[in-house]
Amino acid sequence: MRLLPHEKTALFIDGANLYAASRAVGFDVDYRRLLDFFGSVNLIRAYYYSALLDTEEYSPLKPLTDWLAYNGYTLVTKPAKEFTDGAGRRRVKGNMDIELAIDMLEMAPHIDHAILFSGDSDFRRLVEAVQRRGVRVSVVSTIKTAPPMIADELRRQADQFVELSDIAGDFTRRQTEPRQRTQRAEAEVE
C-alpha cells in the first residue's frame, strides 16, 4: 500500500464488508494493530460503520463497538431492521452506505487520502466525487474469493486497489479457515 507520511488520511471502514472479506480470506482483524499499521501517516480520523440489532439479547458486536469507541475510532452506528421475508425467513437489514458517503464527502476538504475498506459497488460514484475534490482514494478489499468481494467498477475507479490479503499480516488477530461465500454472507454485506 502506498502511504505518504505527509498526507492527511482518513479511514472509512464498512464494518460488515470488512468482516465478511477478512473471514472469506481467513483471518480476524486486530483493530488496534490496524490503527498501528497507519501510524506512519497523518491519520485524521478512523471511521467504523456498523448497523446494530436493537434487541434485548446480547449482541456479539457490543464488545467490539465499545472497544472501538474508546480506542481511537469514530463509531457510526444505527439500528438494524429485522423483518420476515416472503418465504418466512428472519432477515436483518442495516445499510450504512449513506452515513459513510456523507462523512467522506464532509471530510474531503480536510484530507489528502481516503482509504475505504469496502468492495460495495454503490461507492463508485462516491469515490469519483471525492477524487474530483482532489483527494486520493485507496480501496481495500479482496479479489481472492470466488466471486471477488470487490465490484470491478469500484476497483477501476480507485486511485489504488489494495488486496486485503496482501496487508492482512500487519493487522491479523488470528488466522481462520477461509470460508466459502454463501448467499447469506453476501446478503449481510449489502
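Predicted model: local features only at pLDDT ≥ 70, side-chain atom pairs only at ≥ 80, totals over all residues.
Residues are numbered from 1 along each chain as its sequence is written, and side-chain values use heavy atoms, with hydrogens and water left out.

The protein has eight helices and nine strands. Helices (H or I, at least four residues) and strands (E, at least two) are DSSP runs, numbered from the N terminus. Of the 190 residues, 46% count as buried. Buried means under 20% relative accessible area, exposed over 50%, and partly exposed in between, with a 1.4 Å probe and protein chains only. The accessible surface comes to about 10200 Å². Carbon and sulfur atoms hold 47% of that surface. Areas come from the Shrake-Rupley method with a 1.4 Å probe; for residues, only the protein chains shown count as cover. Among contacts (heavy atoms within 4.5 Å) with a separation of 6 or more, 70% join residues 24 or more positions apart.

The largest nonpolar core holds 29 residues. Such a core is a set of buried Ala, Val, Leu, Ile, Met, Phe, Trp, Tyr and Cys residues joined through side-chain atoms within 4.5 Å. Leu34, Phe38, Tyr73 and Phe117 touch the most other members. Elements giving two or more residues to this core include strand E1 (8-14), helix H2 (31-37), strand E3 (42-53) and strand E6 (113-117). H1 supplies the largest share, five residues. Leu34 is in contact with Ile13, Val29, Tyr73, Phe117 and Phe171, leaving aside neighbours within four places in sequence.

Helix H1 spans residues 15-25 and is mostly covered. Nine of its 11 residues are buried. Among them are Gly15, Asn17, Ser22 and Arg23. Leu18, Ala20, Ala21, Ala24 and Val25 are buried too. Just after H1, Gly26 takes a positive phi of about 100°.

Leu164 lies in helix H7. Leu164 counts as buried because its relative accessibility is 1%. Beyond neighbours within four places in sequence, Leu164 is in contact with Leu18, Ala21, Ser22 and Val25, among others. Further partners include Phe27, Val140, Thr142 and Phe171. Ser141 is also a contact of Leu164. The two residues are 23 apart in sequence, yet their C-alpha atoms are 5.1 Å apart in space.
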